[in-house]
Amino acid sequence: MTGVLEFGGDAAERWLDGAGRLRDEVRQSLVAWQLDEQITARFPVGRRLRVLDVGPGQGVQALRLARAGHEVTGLEPDPVMLDAARAALAGEPEGIRDRVRLLAGDGRETGAHFDPGTFDVVLCHGVLMYIDEPGPMLAGLARVLAPGGLLSLLVRNAAALAMRPGLAGDWTGAQAAFDDPAYTNRLGVAARADRLDALTAHLVGINAPLHQWYGVRVFTDQAPDGASVPEGEEWDRLFAAEERAGRTDPYRQVAALLHLCGVRG
């Protein structure tokens, strides 16, 4: 499909193999914390929100929000990931299952699936790095977002793209990353990174200007793929350090991922 970098098949299986490991758990937990902070600040307590999760993967955030009482629609193009999300949903109680719809579909075609202003919250996490040009997709996401609604984006940080190869001693890769937003991720898939200033301009252009942004995985991005999640107080200390770094300059500027939250005008 034109304009889309290839993700699926074996890459999806490799992604699922890493689910629940340290890097994934830090990402999911930080994004959940940050997203809850934004939802709490913007919507009345107890309000049941209409949520669209574009590219929900194995369904971590979608199911978490459904457990909190929200109505969630997941739009997932990859059949392997869609099956994983459906399997996870099947293990939930009936009341939660009733609050989740999982659909096969491309996030760039939201206009074919949903009416304008359908959702209070739209998530697009870990998707833009597989799309050559984010502008049209962002415009489509804003279209289905209700006035005052929250748009949550998780992207690869182009400003810090040299950190991973540099810290690993790959000096050629580090030099290349300064100038080229394209990279090959740990799954072996071609991807691209975004810059905060460029996405900020995109959000202004779609009338969902940036409200807050965070860094995700400042300290733990170099963890081995199979690294396990520490337990108890060690996890609490790790999470507290990552959470603080993710909202504090200059640390958040070199995070592996950026979490941007825009608000629809």
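Are Asp 221 and Arg 164 buried or exposed? Asp 221 is buried, and Arg 164 is buried too. (Buried means under 20% relative accessible area, exposed over 50%, and partly exposed in between, with a 1.4 Å probe and protein chains only.)

This is a predicted model, where local features need pLDDT of at least 70, side-chain atom pairs count only at pLDDT 80 or more, and totals for chains, interfaces and linings use all residues. Residues are numbered from 1 along each chain as its sequence is written, and side-chain values use heavy atoms, with hydrogens and water left out.

**View 1. A salt bridge joins Asp 221 and Arg 164.**
The closest N and O atoms of this pair are 2.8 Å apart. (A salt bridge is a side-chain nitrogen of Lys or Arg within 4 Å of a carboxyl oxygen of Asp or Glu.) The pair links distant parts of the chain, 57 residues apart. Asp 221 sits in the loop between strand E8 (210–216) and helix H11 (232–245). Arg 164 belongs to helix H8 (residues 163–167). (Helices, H or I with at least four residues, and strands, E with at least two, are DSSP runs numbered from the N terminus.) Both residues also take part in a network of salt bridges, together with Arg 23 and Arg 217. Across the whole structure, a search finds 15 salt bridges.

**View 2. Arg 64 pairs with Asp 36 in a salt bridge.**
Here the closest N and O atoms are 2.9 Å apart. Arg 64 lies in helix H3 and Asp 36 in helix H2 (residues 22–42), so the pair ties together parts that are 28 residues apart in sequence. Asp 36 is partly exposed, at a relative accessible area of 32%. Side chains of opposite charge can pair when their charged atoms come close.

**View 3. Asp 225 meets Arg 186 in a salt bridge.**
The N to O distance is 2.7 Å. This pair also links distant parts of the chain, 39 residues apart. Asp 225 is in the loop between E8 and H11. Arg 186 is in the loop between strand E6 (182–184) and strand E7 (190–192). Asp 225 is partly exposed, with a relative accessible area of 48%. Arg 186 counts as partly exposed too, at 30% relative accessibility.

**View 4. One cavity of 30 Å³ or more turns up in a search of the whole structure.**
The largest cavity holds about 30 Å³ of space. (On a 1 Å grid over the protein atoms alone, a cavity is a set of points where a 1.4 Å probe fits but cannot get out; lining residues have an atom within 4 Å of a point. Grid points are joined across faces, edges and corners, and a volume is the space filled by probe spheres set on the points.) Its lining is Gly 59, Ala 62, Leu 63, Ala 85, Leu 89, Val 100 and Leu 102. Helix H3 (60–67), helix H4 (79–90) and strand E3 (100–104) each give two or more residues to this lining. By class, the lining has six nonpolar residues, one polar and no charged. (Ala, Val, Leu, Ile, Met, Phe, Trp, Tyr, Cys and Pro count as nonpolar, Asp, Glu, Lys and Arg as charged, and the others, Gly among them, as polar.)

**View 5. The second largest pocket contains about 250 Å³ of space.**
(A pocket is an open set of points with protein on both sides within 12 Å along at least five of seven lines.) It is lined by 15 residues, and the closest to its centre are Ile 39, Gly 46, Arg 47, Ala 68 and His 70. H2 and H3 each supply at least two lining residues. H2 gives the largest share, three residues. The lining divides into seven nonpolar, four polar and four charged residues.

**View 6. Backbone details mark Pro 250, Asn 207 and Arg 217.**
The peptide bond from Asp 249 to Pro 250 is cis, with omega near 0°. Pro 250 is in the loop between H11 and strand E9 (257–263). Asn 207 is not a glycine, yet has a positive phi of about 60°. Asn 207 is found in the loop between helix H10 (196–205) and E8. Arg 217 is not a glycine either, and has a positive phi of about 70°. Arg 217 is in the loop between E8 and H11 and is buried, at 7% relative accessible area. Most residues other than glycine have a negative phi, and most peptide bonds are trans.
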